[in-house]
Amino acid sequence: MKTLRNRVCWVPAVLGALSLTSGCVFDTYSAKALKQETSAYPLAPDGRVELATFNGRIEVRKGDRPEVQLDRTTTCRAATEEEAQKGLDLITPEVETGERSLRVKFTAPRSLRHRYQVDLTARVP
């Protein structure tokens, strides 16, 4: 019975220690840079819009023009402000347009995705 009790107490102690140190391992980027851009793409009122981002939020609102207005805020985290600023240039959208469709997709190398966030606000016809 003593052995079982010791094991039960030991496991929560180890898990508690791991949870206290785990936050320090991933928080190595103290600087960040932001980039805001706006793009417009023509689209029929009954057209289809597809938006994708690997990390961030997507907000869709009704617009009053025959186009999709896409506002984007890209955030990059890095060890220095200079590295963060350079990192902003690595994130570019893949855009496919058609008469009745628009597809915009943001990607980043899997190993770097934790450093980036791309928030989108789209105003659609």
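Start with Lys 62. Its bridge partner in S7 is Val 124. This is a predicted model; local features need pLDDT of at least 70, side-chain atom pairs count only at pLDDT 80 or more, and totals for chains, interfaces and linings use all residues. Residues are numbered from 1 along each chain as its sequence is written, and side-chain values use heavy atoms, with hydrogens and water left out.

Stay with S7. Ile 58 stands opposite Leu 120 in that strand. S3 and S7 run in the parallel sense, paired over 5 bridges. Two strands count as paired if DSSP finds at least two bridges between them. Strands themselves are DSSP runs of E, at least two residues; helices are runs of H or I, at least four residues; both are numbered from the N terminus.

Now S4. It pairs with S7 in the antiparallel sense, over 8 bridges. Cys 76 has Tyr 116 of S7 as its bridge partner.

The order is S1-S4-S7-S3, an open sheet of 4 strands with mixed pairing. Which strands stand at the edges? S1 and strand S3 (58-62) do; each has a single partner strand, so one side of each lacks a neighbour in the sheet. The twist averages 15 degrees from one strand to the next. For that angle, axes are lines fitted to C-alpha atoms, for helices over the stretch in contact, and angles run from 0 to 180 degrees between N-to-C directions.

Is S7 covered or open? Mostly covered: 7 of its 9 residues are buried. Buried means under 20% relative accessible area, exposed over 50%, partly exposed in between, with a 1.4 Å probe and protein chains only.

The largest nonpolar core has 20 residues, and Leu 70 and Val 104 have the most contacts inside it. A nonpolar core here is a set of buried Ala, Val, Leu, Ile, Met, Phe, Trp, Tyr and Cys residues joined through side-chain atoms within 4.5 Å. Strand S1 (31-42), strand S4 (67-78), S6 and strand S7 (116-124) each give two or more residues to this core. S7 gives the most, with 5 residues.

What does Leu 70 touch? Leaving out residues up to four places away in sequence, its contacts include Tyr 41, Leu 51, Val 104, Leu 120 and Ala 122. Contact means heavy atoms within 4.5 Å.

Next, the other sheet. It is open, has 3 strands, and runs S2-S6-S5 with mixed pairing. Strand S2 (48-52) and strand S5 (93-97) are at the edges; each has a single partner strand, so one side of each is left without a neighbour in the sheet. Neighbouring strands of this sheet are turned by 5 degrees against each other on average, direction ignored. S2 and strand S6 (residues 101-106) pair in the parallel sense over 5 bridges. Glu 50 stands opposite Arg 103 in S6.

Last, the whole chain. It has 2 helices and 7 strands. From the N terminus, the elements run α-β-β-β-β-α-β-β-β. Of its 125 residues, 26% are buried. Among contacts with a separation of 6 or more, 82% join residues 24 or more positions apart.
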